[in-house]
Amino acid sequence: MQRIVERRTVWTLLLAAAILRSGDVAAEQSTPMQNQHWPAEKILPAEPGRKACWRRVYNPEHLAAHPQQKVRELTFLLRVSGYDADGRYVFEHPHHVYYNFALSLKRRGDTRALATSGDCLGEKTADCAVDCDGGGVTIEKSPSGDGLTIRLHDRGIAFGGDCDTNSGAWVRPGADDKVFHLDRVSEESCKALEKERLGTWTEEPEH
């Protein structure tokens, strides 16, 4: 229930932002929200219930060749969510579709992974942002195959914080920690991350 409430809040903010950007409130209110298209559609079709998982574990040889690289492991989940006009999850005839993400990573010396989540919006590029000005990443499909390229925003991305405190940790871009290339893996590899960061649907569609 908590995740649904959180997503309703984000959905409401998206609606308000779309209206403000239009410059014509009346015209925007009469336009169905499903007409909005996100850059992430180039990576994953805008079909509610769709999800994909990517992962990269850097081997000792790579890390030895890049001594300034702090990140040694990443897992990234992209999920398509559909909502009705009241902000409830739906898989058919959604009033609005947008993309959720969850990201976990480990740095050299870490015994546990850091994890965060948010939404992938943007106008020209798929920008995945953490709520409350928590930074984010830009994602794009790799030039060949099903891989994913992740680029840290200039400020980096926040892990483990919340909107009320300054707790948590930031991962900032460094000499060898700016761009990461991940491989497509099974959805099962992201199951625990999805449950922790986004919650799961009570009923999932069959593909």
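Reader: Where does Ser 104 lie, and why is Ser 104 called buried?

Author: In this predicted model, Ser 104 is part of strand 3. Its relative accessible area is 13%, and the term buried applies under 20%; therefore Ser 104 is classed as buried.

Reader: Which residues are in contact with Ser 104, apart from its neighbours within four places in sequence?

Author: A contact requires heavy atoms within 4.5 Å. With those neighbours left aside, Glu 73, Leu 74, Thr 75, Ala 113, Leu 114, Ala 115 and Leu 193 are in contact with Ser 104.

Reader: Which of these elements of the protein are helices and which are strands, and in what order do they run?

Author: The protein has four helices and nine strands. From the N terminus on, the order is α-α-β-α-β-β-β-β-β-β-β-β-α. Buried residues account for 41% of its 207 residues.

Reader: What makes a set of residues a nonpolar core, and which members of the largest one touch the most other members?

Author: The members must be buried residues of the nonpolar kinds listed for a core, joined through side-chain atoms within 4.5 Å. The largest such core has 36 residues, and Phe 76, Leu 78, Ile 139 and Ile 157 touch the most other members. Among the elements that give two or more residues to this core are strand 2 (71-83), strand 6 (135-141) and strand 7 (148-159). A second, separate core has seven residues, including Cys 53, Ala 115, Leu 193 and Leu 198.

Reader: What surrounds Ile 139, leaving aside its neighbours within four places in sequence?

Author: Ile 139 is in contact with Ile 43, Phe 76, Leu 78, Cys 120, Ala 126, Cys 128, Leu 148, Thr 149 and Ile 150.

Reader: How many cavities of 30 Å³ or more does the structure hold, and what makes a space a cavity?

Author: A cavity is a space where a 1.4 Å probe fits but cannot get out. The structure holds one of 30 Å³ or more, and the volume of the largest cavity is about 30 Å³.

Reader: How do you know which class of residue lines the largest cavity?

Author: The lining consists of Leu 74, Leu 103, Leu 105, Val 137, Ile 150, Leu 152, Ile 157, Phe 159 and Phe 180. Leu, Val, Ile and Phe count as nonpolar, so the lining has nine nonpolar, no polar and no charged residues. Strand 3 and strand 7 are the elements that give two or more residues to the lining, and strand 7 gives the most, with four.

Terms used: Residues are numbered from 1 along each chain as its sequence is written. This is a predicted model: local features need pLDDT of at least 70, side-chain atom pairs count only at pLDDT 80 or more; totals for chains, interfaces and linings use all residues. Side-chain values use heavy atoms; hydrogens and water are left out. Buried means under 20% relative accessible area, exposed over 50%, partly exposed in between (1.4 Å probe, protein chains only). On a 1 Å grid over the protein atoms alone, a cavity is a set of points where a 1.4 Å probe fits but cannot get out, and a pocket is an open set with protein on both sides within 12 Å along at least five of seven lines; lining residues have an atom within 4 Å of a point. Grid points are joined across faces, edges and corners, and a volume is the space filled by probe spheres set on the points.
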